[in-house]
Amino acid sequence: MKIAFTSCMDTVNYPTQPGWAALAREKPTHVVLLGDSIYMDYGKKIFGAFVSGGPRPESEANGTPARLPLDVFSTRMHQRYEQQYKVPGFLDAIRGRKVHAIWDDHDFAWNNSRGAGPAGPAFVPQAQRRISTAHYRAWQAALAAQKPGYPPNDVDSAAPPHDDAGIGRTEMLADGVCLHLLDSRTFREGDEDAEDVSLLGQAQRDKVEAALAAHAQAVHIVAVSEPMEKWNNFTEFKWLVDWATRRHILVICGDIHDCHYVGYKPNGKKDWGAKDKAVLHEFAASAMAQGPTVFGKKKEVFGTLDFSDTAIAVTLFHEGQPVERYAIDRNSWKISNI
């Protein structure tokens with residue numbers, strides 16, 4: 001079993017997306033999309049100049065979808081999913097493979113958006129949340145069906161479906177591997193600088209915890225949009241690290257337009273040394289398709305997890321080339337460079 005994972009696909013700033021051909025050459029059996037599969041906004045003014053990393057206009061700067069009429073919000077969201085689905089090479093990369101998808105802020109609504117907590121620029125009202133959820137359900141269905149052409153927009157923006165359950169779920173894969181697809185937007189109660197608030201909500205957290213308790217011998221892959229260093233003020237940070245002292249937990253994430261490994265020790269600190277004290281292994285891989293590099297950020301990035309009975313080989317790719325390789329012993333849970 002081989003799992004490929006990536007995130008951050010922007011058809012406005014990077015419509016060609018050659019990275020999908022490189023991913024397809026790895027012949028994964030599963031593909032995990034870790035959020036930001038579309039962008040309705042991206043970019044901000046820096047020293048008076050609008051910077052978005054590509055041709056995106058200032059009318060789509062960060063946060064602007066919040067001001068759109070609901071029908072325009074819905075139409076644009078459908079359009080961006082359709083554009084991504086029709087990117088040359090995208091359908092070829094996922095065809096015949098099991099695709100698992102979660103969302104991040106840009107699929108959820110707009111930059112840094114959240115569905116719980118206090119009102120403010122990041123908070124997404126219920127009307128927009130229901131529209132984005134309906135479109136995401138359609139996106140997931142299209143990824144499963146893998147048919148030519150994207151379905152038409154059948155979301156009634158005036159009366160979208162009532163669906164506030166979020167998109168998180170847990171799936172058992174082959175070979176004793178449990179995949180936790182986390183929704184870190186619907187129930188998020190605060191921003192990155194908030195303290196002692198929830199990222200996942202109690203109901204979703206309880207479901208993950210039940211699976212962790214029930215499958216003691218499994219490898220638990222936690223698929224979440226943001227790396228843990230961006231949610232260490234949330235209550236779930238310590239909760240997950242504590243579970244990692246008792247279970248084999250591996251985190252895959254995107255968001256940051258980079259690729260790297262981070263190991264966490266039982267006290268939640270990063271293991272900067274020989275990585276022999278790490279109990280939780282995290283691999284970030286993004287962006288698959290972003291515009292011209294801005295401030296050192298990367299594009300055409302993805303990772304693979306290649307499972308054998310005794311080990312997991314992890315490879316991180318940038319612009320078609322492997323740039324980092326690791327091996328995790330499935331018995332000791334120790335990691336090493338290869």
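Contact here means heavy atoms within 4.5 Å. The model is predicted: local features need pLDDT of at least 70, side-chain atom pairs count only at pLDDT 80 or more, and totals for chains, interfaces and linings use all residues. Residues are numbered from 1 along each chain as its sequence is written, and side-chain values use heavy atoms, without hydrogens and water.

Q: Which residues of α2 meet α5?
A: Among them are Leu70, Phe73 and Met77 in α2, and Ala127, Ile131 and Trp139 in α5. By class, this contact has 10 nonpolar, 6 polar and no charged residues. Ala, Val, Leu, Ile, Met, Phe, Trp, Tyr, Cys and Pro count as nonpolar, Asp, Glu, Lys and Arg as charged, the others, Gly among them, as polar.

Q: What makes the Tyr39 and Tyr42 pair edge-to-face?
A: Rings of Phe, Tyr and Trp (its six-membered ring) pair if their centres lie within 6.5 Å; planes under 30 degrees apart are stacked, over 60 edge-to-face, the rest tilted. Tyr39 and Tyr42 sit 5.5 Å centre to centre with 80 degrees between the planes, hence edge-to-face.

Q: Why is the pair of Tyr261 and Phe283 called tilted?
A: The ring centres of Tyr261 and Phe283 are 5.1 Å apart and their planes are at 45 degrees, so the pair is tilted. Tyr261 lies in strand β10 and Phe283 in strand β11, so the pair ties together parts 22 residues apart in sequence.

Notes:
Helices (H or I, at least four residues) and strands (E, at least two) are DSSP runs, numbered from the N terminus.
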